[in-house]
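Colleague: I am new to this one. Please show me the model, then take me through one part of it closely.

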Amino acid sequence: MIIHRSFISPLKYLFGPLFILLLLGVIPAFSASISLDYSLGFNGLFQLGKWAPLNIMLENKGRTIRGTLEVVVTSGSEYRRDVHYATYSMDIELPTNSKKLYSFTILIDSFTHPLIMRLKQSQRTLLSTSLNLRPHYATKRLVPVVGEGITTDFISILPKGVLPVISPTRFLPETWYGYDGVEMLILHASALNQLRERQLIALTEWVKRGGYIVTTGSLNYGAFLEERTRRLLPVTILGFKRIFELNSLEGFCGEGLSSPDPFLILNTEIDESVALLKEDDIPIIIQREMLLGKVIFLAFDYQMPPFANWTGRCSFWNEMLALKPLVARSSFDFEERKIISSMISGIPTHFPRFILALSFFAVYAILVRIIFMRVGGNRGRRRRNVSYLLAIIIVFSVASCWVLPLKNGQRDPSYSSFHHVKKMGQNIIASSRYIVGLYSIRGGDYQISLGPTCSPITPILPYKTEDIPLHSLAVHENDGEQTISVSIDRWSHRFFQINSMMKFPIQGKVFQDEQGLVIMIENLIPHAIVDCQMYFANRLFSLGNIAPRGNLVKRLARSDISQKGLFQVETVEKLVDSIVPYPPTSFLEVMQKDLMEGLLRSVHSRYHSREDALHLFGWIESDLISINLNHSGINGEGVALLEWEIPVRSSKEHITAELVPGHRSPSETPSGKKNPRLRDLV
Amino acid sequence: MRFDYLTNDTEKSLAPFFSRRMLDITFACIWILGVLLMILWPLKAPSHFISEYRVPLLFPGIFVAALLIHSYINLRCGRGEMSQDDFLARFERKKVITLEEEHEYFSYGLVQSLLHTLFLLLLMLPLLIVSAAISGISLPVFAKALSILFTTSLLCRLFGFLMYLFYGRWSKLGYLWTRMFFIFSIFFTGFFVGPVNPILLIYSFHRGVEIPSGFPMSVYSLYIMIVACAILLLTLANQAMVRHNMHKERST
């Protein structure tokens with residue numbers, strides 16, 4: 001026995017530590033060891049009420065994790081009793097010993113509630129962190145400076161009206177609306193090739209929608225040679241030039257640049273661009289317009305001497321900021337409330353008429369009474385009469401299922417959308433406000449997909465929030481596709497809106513001469529534009545319909561224009577009645593009936609004193625944005641209203657535009673080439 | 001059980017299906033529900049209700065009315081207040097051995113109660129369907145509401161019969177107990193034990209919200225379970241009482 005104990009003891013001492021070591025090796029593999037790091041906005045700063053990027057880095061040193069990363073933004077106020085949440089989520093997969101970056105674009109309109117970031121795995125929260133937003137919000141527009149080796153000295157010389165921030169390249173947004181709070185983006189050449197594909201697409205889309213980038217030439221110009229970079233800036237490098245001074249800058253910002261030591265500038269050529277400043281035929285500042293926005297290319301590196309210590313830097317950057325494209329984001333005249341009430345009134349569900357219900361009950365009661373009298377009086381035929389009674393009950397029960405339920409109520413839920421597009425001049429990019437309403441009688445949880453791209457979707461809160469439970473907005477992103485989870489109570493509605501800039505490929509020219517007015521419109525969209533009306537010289541003209549992918553040419557003689565009666569605000573109601581049939585029978589007519597009056601009044605107030613432009617508006621009886629619901633058999637209705645301001649040119653101008661080389665027609669680019677994108681976008 | 005028993009409208013039947021009195025009361029019930037249906041009929045468009053976040057009151061109105069009427073009639077039927085009697089019987093307080101007392105409860109009284117409760121519910125069915133269809137009530141919820149109506153009414157009927165067996169047809173105490181039971185089960189439970197109140201349950205169906213039951217099951221399941229247990233207990237009690245009375249009758 002003693003021998004046996006002495007034999008076991010060494011083994012115990014040997015295997016004990018070994019077993020513990022083994023456990024230490026195995027436990028981390030089964031436990032989740034995750035760390036979360038984040039970057040909000042641009043270097044921790046965002047503008048309130050504007051969309052901003054949020055990048056979350058997850059590092060997993062444990063077992064593989066598949067779950068959902070959620071960001072919860074809280075808005076509203078307890079005082080107003082309208083606190084509501086927006087949850088942005090994303091599916092994640094983190095293998096063992098991995099580190100991944102997940103990019104969200106979120107809207108924060110209140111800094112009083114913390115931002116919550118959490119990682120969930122099948123409803124279990126693995127990790128959660130909250131962020132106090134108070135030190136992160138900014139009131140000024142932001143100017144992110146992106147690139148390597150940016151000094152704080154450079155930041156200090158940027159204009160005071162904006163807030164410059166140094167931002168790492170990898171934390172730039174992956175959606176175009178992530179730049180919502182950005183005034184100007186200063187992007188060093190070295191940062192261009194570090195951009196991820198989605199970042200580059202987002203940047204390009206932002207520029208097309210009115211964004212403004214200033215980028216620079218560098219000794220290391222390899223980034224410009226990459227094919228994907230050329231989509232943003234198609235630069236051809238012709239070489240370097242060694243110079244001592246840049247006197248041309250004096251004309252640009254009031255101070256020239258000279259240096260005792262020679263320095264290099266990049267000699268380049270950029271497609272579809274104009275040189276704003278040249279030095280000995282070498283373009284120094286080149287501007288490339290991309291639809292509504294522009295990219296400015298500097299032939300020198302602003303971080304290198306002598307530019308880094310040039311005394312004219314402040315005025316130079318002031319001038320650069322002044323070059324920002326002016327994008328007039330059209331305001332939408334209709335009140336949100338008016339649109340929503342019109343959309344709800346257009347729901348094609350109806351109760352059966354009272355008289356039908358009364359007749360139904362009366363017939364049933366009479367039949368039951370007759371049978372009761374027969375059953376009560378004649379005992380001999382009770383079996384037969386009871387079977388008659390049962391037959392009546394069955395017939396009326398079946399009838400009540402088919403005759404009396406809600407008309408079209410079986411299409412539950414249903415949705416409708418209203419798209420307001422405002423186009424200015426010949427710009428292919430138009431301001432767009434898309435409102436979609438989901439209605440349900442039975443209530444439930446639904447999912448809406450808005451197509452393969454991300455959109456800046458926000459909920460529209462009910463007006464009386466006291467007694468109505470405010471459901472949160474849940475936006476789930478997966479591979480760049482958004483799905484919105486919507487929970488609706490019985491007999492209620494939910495509304496969402498997307499305020500953005502969209503491509504609307506429709507072209508038009510209007511010119512006038514001694515004989516009258518000529519209107520030429522080319523509709524490149526696959527939908528007809530119906531009931532087009534034109535407001536010009538204080539008069540309203542009907543243009544009829546424009547076929548899908550069709551043209552409209554209308555000539556109005558001077559006599560016709562002068563004979564047409566002047567627009568009278570007092571008679572707007574009668575005018576609307578003459579345009580829209582009564583009672584309205586379709587969703588389009590309901591919307592026309594409700595909105596036309598306000599539209600005409602607004603158009604008249606804006607254009608009655610103008611003869612240099614006409615206002616055209618027309619309706620599209622279709623959904624321009626395709627919506628998919630997870631429930632089958634749901635048919636929604638969509639209506640779009642196009643408002644378009646077209647400049648009126650004289651016929652001489654028109655002829656010049658057609659014949660004189662170098663004169664830019666609406667569909668031409670600044671370099672004079674025909675813009676091929678107009679057709680490609682359709 | 002013979003069909004003739006069901007159609008027997010002599011004083012031997014506690015609740016004669018087709019006696020003139022029963023038929024008049026049944027028709028009055030349909031008439032009340034019909035008038036209520038017309039009063040609550042929504043005259044505004046569904047879009048008005050959706051925009052205001054309001055739910056039409058047709059479903060809760062008709063179903064609660066049907067619940068009250070149906071349960072009360074069954075309570076009275078169970079206690080024999082609907083049986084045919086002559087004018088003098090009320091003064092004489094004549095004791096009549098009914099068919100329900102002559103037969104085993106399982107083979108006659110229970111089957112008759114089930115069939116009569118179902119028959120009365122069937123007569124209301126078209127009006128109930130209309131109210132549910134107009135209010136956009138789904139089929140599963142409609143079936144649940146119907147089952148609440150049926151079980152509650154059956155419970156009242158069985159309790160009424162138990163009181164009949166205990167106190168007889170002419171007892172004031174029996175009358176009082178049945179009314180107290182009706183008021184307690186239909187109304188007072190709402191103040192003390194919400195989940196077992198049928199009116200609150202119908203209201204929760206109407207609002208589309210779930211009342212917290214405090215148990216790992218839905219309120220509806222809890223209600224049905226409790227009522228089913230009560231029905232089972234009352235059935236056993238009734239059977240025991242009927243058998244006891246039958247033995248007593250034979251021995252005398």
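Colleague: How many helices and strands are there in chain A? And a closer look, please: which residues of α8(A) are buried?

Modeller: This is a predicted model, where local features need pLDDT of at least 70, side-chain atom pairs count only at pLDDT 80 or more, and totals for chains, interfaces and linings use all residues. Residues are numbered from 1 along each chain as its sequence is written, chains are lettered from A, and ligands are numbered from 1, in the order in which they are written.

Chain A has 16 helices and 33 strands. These are DSSP runs numbered from the N terminus: helices are H or I with at least four residues, strands are E with at least two. Of its 682 residues, 35% count as buried. Buried means 20 or more other C-beta atoms within 10 Å of the residue's own; exposed means 12 or fewer; partly exposed lies in between; C-beta atoms are placed from the backbone. Take the contacts in chain A between residues at least 6 apart in sequence: 71% of them join residues at least 24 apart. A contact needs two C-beta atoms, placed from the backbone, within 7 Å.

Now the helix. α8 of chain A covers residues 313-322, and A:R313 sits in it. The buried residues of α8(A) are A:R313, A:F316, A:W317 and A:M320. Down the axis of α8(A), they fall within an arc of 90°, so they line one face of the helix. That arc is taken from the directions running from the helix axis to the C-beta atoms. Why is A:R313 called buried? Because 20 other C-beta atoms lie within 10 Å of A:R313. The cover over the buried residues of α8(A) includes β13 (212-216), α7 (248-253) and β18 (293-298) of chain A. Compare A:R313 with A:D612: they are 299 residues apart in sequence, and 40 Å apart in space, C-alpha to C-alpha.

Next, the domains. Domain 2 of chain A spans 140-322, and domain 1 spans 34-137. The bounds come from an automatic or database domain assignment. The C-alpha centres of domains 1 and 2 of chain A lie 32 Å apart. Between them, 14 residues of domain 1 are in contact with 17 residues of domain 2. On the domain 1 side, β2 (46-47), β3 and β6 of chain A each give two or more residues. β3(A) gives the most, with four residues. That side divides into seven nonpolar, six polar and one charged residue. Nonpolar covers Ala, Val, Leu, Ile, Met, Phe, Trp, Tyr, Cys and Pro; charged covers Asp, Glu, Lys and Arg; the others, Gly among them, are polar.

β3(A) and β6(A) also belong to an open sheet. Its three strands run in the order β1-β3-β6 (chain A), with antiparallel pairing. The edge strands are β1 (34-40) and β6 (98-107) of chain A, each pairing on one side only. The twist averages 20° from one strand to the next. Such angles run from 0 to 180 degrees between N-to-C directions, with axes fitted as lines to C-alpha atoms, for helices over the stretch in contact. Strand β3 (residues 51-60) of chain A pairs with β6(A) over 10 bridges, in the antiparallel sense. Pairing requires at least two DSSP bridges between two strands. A:N60 stands opposite A:S98 in β6(A).
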